[in-house]
Each structure stands twice: as structure tokens, then as C-alpha cells.
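Here are some notes for a colleague who has not seen this structure before.

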Amino acid sequence: MKTNSKNILLTGGTGYIGSHTAVELLNAGYHVTIFDNLSNSKIEVLSRIEIITGAMPEFEQIDLRDEAELSKGFDKYSFDAVIHFAGLKSVGESVTNPLDTYENNLLSTIYLLKVMRKKAVLNLIFSGSATVYAIPETLPIKENNVLGADCPYGRSKLMIEEILTDLSVSDPEWKIQILRYFNPVGAHPTGLIGEDPSGIPSNLFPYLSRVAQGVYKELKIFGSDYKTSDGTCIRDYIHVVDLAKGHLSTLSRLDHSSGMEIFNLGTGHGYSVLEVVKAYEKASGIKIPYIFTERRKGDIPISYADPTKAEHLLGWKAEKTIDDMCKDAWNWQTKNPNGYIKKKKE
Ligand code: NAD
Ligand code: UFG
């Protein structure tokens with residue numbers, strides 16, 4: 001196994017994207033420490049990571065909104081960089097309960113930055129989102145496209161980007177990389193870690209997986225009258241393992257960069273909802289029943305990235321196909337029909 005003496009803190013590291021990133025970092029020989037309050041993830045993730053990599057990350061159950069606990073956590077370790085995944089990500093919940101999203105996402109980030117500054121850990125990678133872009137006037141979406149989020153979740157991400165910009169201007173010692181993820185989907189090819197949403201999934205892939213599994217009788221496709229080739233919305237789906245690898249490349253970039261930089265992480269290709277359904281049917285061998293319903297409020301018709309900046313400056317490019325994404329999502333679903341919780345034997 002490769003070794004690398006660097007210790008990287010992953011906030012929210014037991015979550016969907018964080019756990020896949022932990023695997024890639026451990027495989028590359030980094031030390032990994034996770035701070036997570038387990039509000040949207042399970043402790044079982046840690047042993048799954050260990051099975052895949054042979055290494056167990058350090059873990060502290062810390063709520064980032066507790067500045068004193070966070071500071072104590074930093075006292076226990078010496079970090080070279082922080083990847084900040086922790087946050088609430090549900091668009092729907094952010095609309096019905098905006099204060100929770102703003103409180104969690106903004107306070108967590110502010111306390112994290114304060115503690116990082118106090119402990120002189122000034123290297124940060126932040127989980128941004130393509131949701132910060134306004135309805136694109138030009139496609140593909142470049143990093144300098146017009147910004148304008150239309151839900152509290154998206155606005156919390158935009159506000160954090162502004163905080164990071166101000167911080168970077170105030171002190172050139174900070175090195176900050178913002179990664180704007182497009183639509184992360186799929187799971188680790190081992191089927192040991194994957195996306196495990198609580199309640200009824202609101203995103204396409206986990207919902208589709210449950211329709212294929214027979215939990216829900218059909219997929220509701222939100223809108224069939226968009227100005228796209230088949231009338232359904234187009235998104236840039238990116239395999240979560242490719243996305244995780246993007247963080248490895250960004251860590252290397254931190255060593256040679258200064259100030260703040262922003263990168264799109266996507267494949268550069270868009271697929272319509274119907275095209276995803278077809279690919280999922282092919283991967284699972286299961287016919288997916290679907291119906292068309294009203295458009296979902298806030299959905300934009302077409303979104304896909306221009307990932308060339310990441311390719312040129314990070315030396316990173318997504319490699320996995322839509323078929324890989326569907327195959328690995330289905331593999332995770334069949335191996336973990338109840339997510340990380342195993343049903344007790346009768
Ligand atoms: P996730 O919910 O699976 O992981 C987030 C983790 O953060 C969870 O383990 C949760 O327990 C933890 N957390 C939340 N609030 C916390 C707090 N106050 N203190 C400590 N831990 C806390 O989400 P994910 O899909 O892995 O997303 C990771 C990041 O990427 C998030 O910031 C999200 O907004 C961003 N992002 C996700 C997507 C996506 O579609 N999954 C797209 C764009 C951006
Ligand atoms: N969709 C359906 N039926 C469903 C779920 C989704 O038709 O049951 C459609 C949506 O209308 C959309 C597409 O599938 O056209 C993808 O929807 P998702 O909810 O999976 O993803 P979004 O593009 O809406 O948003 C996701 C994350 C955001 C993130 C954004 C980044 O939920 O957090 O990608 O682009 F910010």
C-alpha cells in the first residue's frame with residue numbers, strides 16, 4: 001500500500017460523497033479523519049470503508065455547529081487540509097424549513113473556518129454545487145456563467161462561496177478550492193458503500209433504484225414538455241467514484257496554487273430523464289414503469305458542465321459512463337436493499 005504522511009480532515013465524511021472520497025484518499029495512502037454528527041449517515045459506513053481499503057479512518061462524532069467541540073477535535077490531530085462536505089443538501093426541506101438549512105450550512109462553515117484559522121490549517125476544499133448557476137444562457141456551463149440559485153439550499157451554497165471569497169481576499173495565506181458538483185450518482189463498484197437517503201428519495205437515481213427493486217410501483221417523471229429532444233430534463237450525471245477522484249486531484253492542486261479557485265466537476269455530457277431510465281433498464285434487466293407528471297418547481301430544463309478547466313488545471317477527467325453509473329447504483333441497491341441497516345433475522 002502507498003503511504004502519504006498527510007492527514008486530511010473530511011467533515012461530513014460518513015456521507016455519500018465523503019465516504020467515496022475517504023476510500024480514494026486511503027487507497028492513495030493518505031491518513032483520513034472524519035468529523036460527522038451522523039445526522040444523515042450511519043456509523044456502519046466506517047467498517048465498509050475499512051473492508052474496501054484495509055484502513056479505518058479516524059472518526060469523531062462532532063456537530064460542526066459546536067465550535068468548542070470542533071476546536072477540541074482539531075487539538076487531537078494535525079491536519080494538512082480539510083475537505084468540507086458537511087451540510088444539509090435537501091432542496092425540498094430547504095424550501096419548507098429554510099432556517100435549518102441556513103443555520104446548519106452557514107454556521108458549520110463559519111465555525112469550521114474560524115477553528116481552521118486558529119489552528120493555522122489554511123487549506124480547504126469546499127463541496128459546492130451546480131445549483132448555484134442561474135438558468136444557463138449558454139451551454140455547457142462554465143465556471144464564469146451567471147450565478148443565481150433559486151432555493152434556500154442553493155443560496156446557502158452561494159453565500160458560502162461569498163464568505164470564502166471574502167476570506168481569501170482578507171488573507172492570502174488561505175488556499176481554497178471550490179468544487180461545483182453536477183449530479184453525483186452511482187456507488188462504489190464493490191457495492192459496499194452508496195447513497196442511503198432517509199425517507200422517500202427526492203432525487204432521480206435513488207428513486208429509480210427503488211422502483212426497480214419493487215418498493216415503488218412507478219417513477220414519476222417531472223415534465224414531458226421541456227424544449228429537449230424527448231421533452232424531459234437533461235442533467236450531467238457523474239459517477240461518485242469519478243467525483244471522489246476529483247478531490248484527490250484537487251488536493252495535489254492545493255500544493256501548487258494560491259488564493260481561491262473554482263472548478264466544475266461534471267462529465268460534460270447531458271442525459272435526459274428518459275435516457276437514464278433506458279440505461280437503468282439495460283443495467284438492471286428490469287422494465288421500469290413510469291408516468292409523466294407536472295413539472296417540478298425550480299427544475300431547469302438543461303444543465304451540463306464544461307469540465308475543461310478541471311481537465312487542464314487539475315489533470316482530472318470523469319471516466320465512467322452512464323452505464324457504469326446505473327450498473328453500480330443497481331449493484332448497491334441489490335446488495336443493500338435497506339441501505340446500511342441490515343434487517344434483523346426473524
Ligand atoms: P450527505 O448528506 O450524504 O453527507 C453530508 C454529511 O454531513 C452527512 O454524513 C451528515 O451527517 C453530515 N452533517 C450534516 N450537518 C452536519 C453538521 N452540522 N456537523 C457535522 N456533520 C454534519 O450528502 P452528500 O451527497 O455526500 O453531499 C456532500 C456535500 O456535497 C454537501 O455539502 C452537499 O451539499 C454537496 N453536494 C451534493 C450533491 C448531491 O447531489 N449529492 C450535489 C452537489 C453538492
Ligand atoms: N426527476 C424525476 N423524477 C423523480 C426525481 C427526479 O423526473 O422522482 C427528474 C428531475 O425533474 C430532474 C432530474 O430527474 O430533471 C434530476 O433530478 P434530481 O433531483 O436527481 O437532481 P437535480 O438536478 O434536481 O439536483 C441535484 C441535487 C442538488 C444539486 C444539483 C446539482 O439534488 O442538490 O443536482 O446540479 F445541487
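1. Two strands count as paired if DSSP finds at least two bridges between them. In this predicted model, strand E6 (residues 175-181) and E11 run parallel and are joined by seven bridges. Within this pairing, isoleucine 176 has methionine 260 of E11 as its bridge partner.

2. E6 and E11 belong to an open sheet of seven strands, ordered E3-E2-E1-E4-E5-E6-E11, with parallel pairing. Strand E3 (58-61) and strand E11 (259-265) lie at the edges, each pairing on one side only. On average, neighbouring strands of the sheet are turned by 20 degrees against each other, direction ignored.

3. Helix H3 (residues 67-76) packs on this sheet. The helix touches strand E1 (7-11), strand E2 (31-36), E3 and strand E4 (81-84). The direction of H3 makes about 165 degrees with that of E2.

4. Arginine 253 is part of helix H8, which spans residues 240-256. Is arginine 253 buried or exposed? The relative accessible area of arginine 253 is 19%, and buried means under 20%, so this residue counts as buried.

5. Leaving aside residues up to four places away in sequence, arginine 253 touches Gln177, Glu261, Phe263, Leu313 and Leu314. With glutamate 261, arginine 253 makes a polar contact from side chain to side chain, at 2.5 Å. Glutamine 177 is 76 residues from arginine 253 along the chain, while their C-alpha atoms are 8.8 Å apart.

Notes
Residues numbered from 1 in each chain as written. Chains lettered and ligands numbered in written order. Predicted model: local features only at pLDDT ≥ 70, side-chain atom pairs only at ≥ 80, totals over all residues. Heavy atoms only, no water. Helix = DSSP H or I, 4+ residues; strand = E, 2+ residues; numbered from the N terminus. Buried < 20%, exposed > 50% of the residue type's maximum accessible area, 1.4 Å probe, protein only. Contact = heavy atoms within 4.5 Å. Polar contact = N/O pair within 3.5 Å; in protein donor to acceptor, adjacent residues only side chain to side chain. Axes fitted to C-alpha atoms, helices over the stretch in contact; angles between N-to-C directions.
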